[in-house]
Amino acid sequence: MPDGGYTVIIITEGEDDAKLIGAVLERKGWEKERGGESERTWCRGPHRVRVLPSERGKGGRANIPFWVRTHRAQTRYFIILFDPDEHDPNDVVADLWHKIWTKLNENLSESEDLSSNIKRVRDRDGWEGLLIFLSLMLSPEKFPDNIRNLIFSTSSAHNMMDYVLYMGLQNDVLQALLEKDSSLRSSERLSVDRFQDKFREILQLLRNQGVGIESSKRAMDFYHALLGYRAGLGKLGACMVQYLREETLNELFEEFLSTLEKILQSEIVDRS
């Protein structure tokens, strides 16, 4: 790790994604380092990790090459988390890698494919880095049929909101959220069973009226309103992470967590 740098920089597409990943790190024993408003630095033992949202107004994914070039001197390792949306993840990786290569090309001396989603790069000044691309995909099959049929029937889009909605449908998480202080008066609070029934009823009513609910992100607007929670979706998702069962957390973020641990133990470099 460079002096004053990071063991790894995790680049997400947007602010909500960064908040969610920060909550996952916290569940795994990382502590947030105090810093400026835009800094999201997490520490555990000798390691420092920065979570960097690439969004600058609009077009979060398009800004990822800029941030890799800007921060390459601060780390040897980048984990790039992206939403494939309706695209093939392999195509997204190929496109992102081409754009990063173009952005770095004036300084690069060589690159090497270690796998379909891991690239090693070296530049003329001796810097060597590893870029690891991880797709955030949650299969629609994980959702209950009566939710999946309402949301995914006309769209195969995948993004971080799939994770948030899936977490929000877990009984333990929903119960904790309903008991948490919110804008709802106690007499208006719903039981877990009533909440889920009402949520499905709202989605079905909108569908019957010709209103397309074609993504988890759109469905979360109505989940959020029904819950009466005042915070934004990123903060709500981060709150959900706190209440997830450990096995569910590990299952949902298995690839990300195992990749991070391998970097901390230098297993990826040794293996390559």
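Predicted model: local features only at pLDDT ≥ 70, side-chain atom pairs only at ≥ 80, totals over all residues.

Visitor: How do β3 and β4 pair, and over how many bridges?
Guide: The pairing of β3 with β4 is antiparallel, over four bridges. The two strands form a hairpin with two residues between them. Gly-45, in the turn, has a positive phi of about 60°.

Visitor: And which strand runs parallel to β4?
Guide: Strand β1 (residues 8-12) runs parallel to β4 (residues 47-53), and five bridges join them. Within that pairing, Ile-9 has Arg-50 of β4 as its bridge partner.

Visitor: How many residues of β4 are buried?
Guide: Seven of its seven residues are buried, so the strand is mostly covered.

Visitor: Which residues go on which side?
Guide: His-47, Val-49, Val-51 and Pro-53 are on one side, with Arg-48, Arg-50 and Leu-52 on the other. Both faces of β4 are covered, as these residues are all buried. In a regular strand, side chains alternate between the two faces of the sheet.

Visitor: Where is His-71, and is it buried or exposed?
Guide: His-71 is in helix α2 (residues 64-71). His-71 is buried, because its relative accessibility is 9% and the cut-off for buried is under 20%.

Visitor: What does the His-71 side chain make a polar contact with?
Guide: The side chain of Gln-74, at 2.6 Å.

Visitor: Now aromatics. How many pairs are there?
Guide: The structure holds seven aromatic pairs. One of them is Trp-97 with Trp-101, a tilted pair at 6.2 Å centre to centre and 55° between the planes.

Visitor: Why are those two about one helical turn apart?
Guide: Because Trp-97 and Trp-101 are four residues apart in helix α3 (residues 89-104). Trp-97 is buried at 13% relative accessibility, while Trp-101 is partly exposed at 28%.

Visitor: What about Phe-195 and Tyr-223, and why is that pair called edge-to-face?
Guide: Their ring planes are at 70°, so the pair is edge-to-face, with the centres 5.1 Å apart. The pair links distant parts of the chain, 28 residues apart: Phe-195 lies in helix α7 (residues 192-208) and Tyr-223 in helix α8 (residues 216-227).

Visitor: Are those two buried or exposed?
Guide: Phe-195 is buried, with a relative accessible area of 1%. Tyr-223 is buried too, at 0% relative accessibility.

Visitor: Which residues make up the cluster with them?
Guide: Phe-195, Phe-199 and Tyr-223 form one aromatic cluster.

Visitor: One last thing: which ring does the charged end of Arg-72 sit over?
Guide: The ring of Trp-127; the charged end of Arg-72 is 5.5 Å from the ring centre.

Methods:
Residues numbered from 1 in each chain as written. Heavy atoms only, no water. Buried < 20%, exposed > 50% of the residue type's maximum accessible area, 1.4 Å probe, protein only. Polar contact = N/O pair within 3.5 Å; in protein donor to acceptor, adjacent residues only side chain to side chain. Phe/Tyr/Trp six-rings, centres within 6.5 Å; stacked < 30°, edge-to-face > 60°. Lys NZ or Arg CZ within 6 Å of the ring centre and 35° of its normal. Pairing = 2+ DSSP bridges.
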